[in-house]
Amino acid sequence: MNIDRRGADLSNGLESVPVLIEGSSAALTSPEFQYSPDNIQGPGCTIDPSEVTLPGCSCLSHSCFPESCSCLQTHGQAYDSTGTLLDLCRTDSGYCSPVFECNALCACSDACTNRVVQRGLRLKLEVYSTENRGWGVRALEAIPHGTFVCEYAGEVISLEEARRRQLAQRSEENNYIIAVREHAGAGSITETFVDPALLGNVGRFLNHSCQPNLFMQPVRVHSVVPRLALFAGRNVDAQEELTFDYSGGYSNQPPVELLSTQRDAAIPASRTDGLQRKECHCGANNCVLFLPLDLSILS
């Protein structure tokens, strides 16, 4: 990928909407990094994320209805009639319902309101250089609350591979691995590890904030392997930086447990309790001063 002009498309045409770059893109287009709008099967992953493994509905209508759609009856309704994500979290238990979209085996149309994340990027986003946090992503248009923004896509790898990559990483290198832990009740836990370091999408450039405007929700479409979808947790203004909490929280109602990594190697390091921590420069009133640090992958 050879891009070196203002307003260039970082996705190189792979997204339906260009991902713009502010200024020179030399630092974004190293030979090692390849843009991919979707997850791919990485080392140790036993399931191809692109393989259709979930059953489909037999709805012949333009859009599915909860009363007749087997997908919605089995998994529940996740979106309203405009494709906006509904509030799926029960505040009394902290439990959030999983999201399953209609898939390639479903008879409904591509315009079905239960098809949102699979349609890919639909918003105008720009990768730009922040003042003190490396690269970031901002919205070039207003984004309503509950709108799907983008995925955090990359290589889906195993726990063993995630551990190997973290142990092999040098201190000056960025760590992009995110592990998502989903609790399904009765002690059942599903873990998904995604690493967009060498192959990923615009989501890899999102910064952490202790007061974010996006939250992450696992969404299953064609495969049991979830897509890590980011939705607007509130109305977002044009030109506002897009951020999410690397630890998974949002307004004290975490939609999913993220075992996140630390991202920007340029951030000065400190040590707390013998563990290396990186300072957080999100500027939020509730900033906890350090980026989230999780060592569960290494344990």
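Apart from neighbours within four places in sequence, Ser158 is in contact (heavy atoms within 4.5 Å) with Pro43, Gly44, Cys45 and Phe193. The model is a predicted one, in which local features need pLDDT of at least 70 and side-chain atom pairs count only at pLDDT 80 or more, while totals for chains, interfaces and linings use all residues. Residues are numbered from 1 along each chain as its sequence is written, and side-chain values use heavy atoms, with hydrogens and water left out.

Ser158 sits in the loop between β8 and α2 (159–168); helices (H or I, at least four residues) and strands (E, at least two) are DSSP runs, numbered from the N terminus. Its relative accessible area is 12%, so Ser158 is buried. Here buried means under 20% relative accessible area, exposed means over 50%, and partly exposed lies in between, with a 1.4 Å probe and protein chains only. Cys45, one of the contacts of Ser158, is buried as well, because its relative accessible area is 14%.

How many disulfides does a search of the whole structure find? The search finds zero, a disulfide being a pair of cysteine sulfur atoms within 2.5 Å. Cys108 is in no disulfide, and the nearest cysteine sulfur, that of Cys64, is 3.7 Å away. Cys108 has 6% relative accessibility and therefore counts as buried.

The aromatic rings come next. The structure holds six aromatic pairs. Rings of Phe, Tyr and Trp (its six-membered ring) pair if their centres lie within 6.5 Å; planes under 30 degrees apart count as stacked, over 60 as edge-to-face and the rest as tilted. In the pair of Tyr152 and Phe244, the ring centres are 6.1 Å apart and the planes stand at 70°, so the pair is edge-to-face. Because Tyr152 lies in the loop between β7 (148–151) and β8 (155–157) and Phe244 in strand β15 (residues 241–244), this pair ties together parts that are 92 residues apart in sequence. Tyr152 counts as buried, at 0% relative accessibility, and so does Phe244, at 1%. Phe244 also pairs with Tyr246: their ring centres are 5.2 Å apart with planes at 55°, so this pair is tilted. Tyr246 is buried, as Phe244 is. Elsewhere, ring pairs link Tyr79, Phe148, Phe215 and Phe231 into a cluster.

Arg138 lies over the face of Tyr128, 4.1 Å from the ring centre. For Arg204 over the face of Tyr176, the distance to the ring centre is 4.3 Å.

Methods
A charge sits over a ring if NZ of Lys or CZ of Arg is within 6 Å of the ring centre and within 35 degrees of the ring normal.
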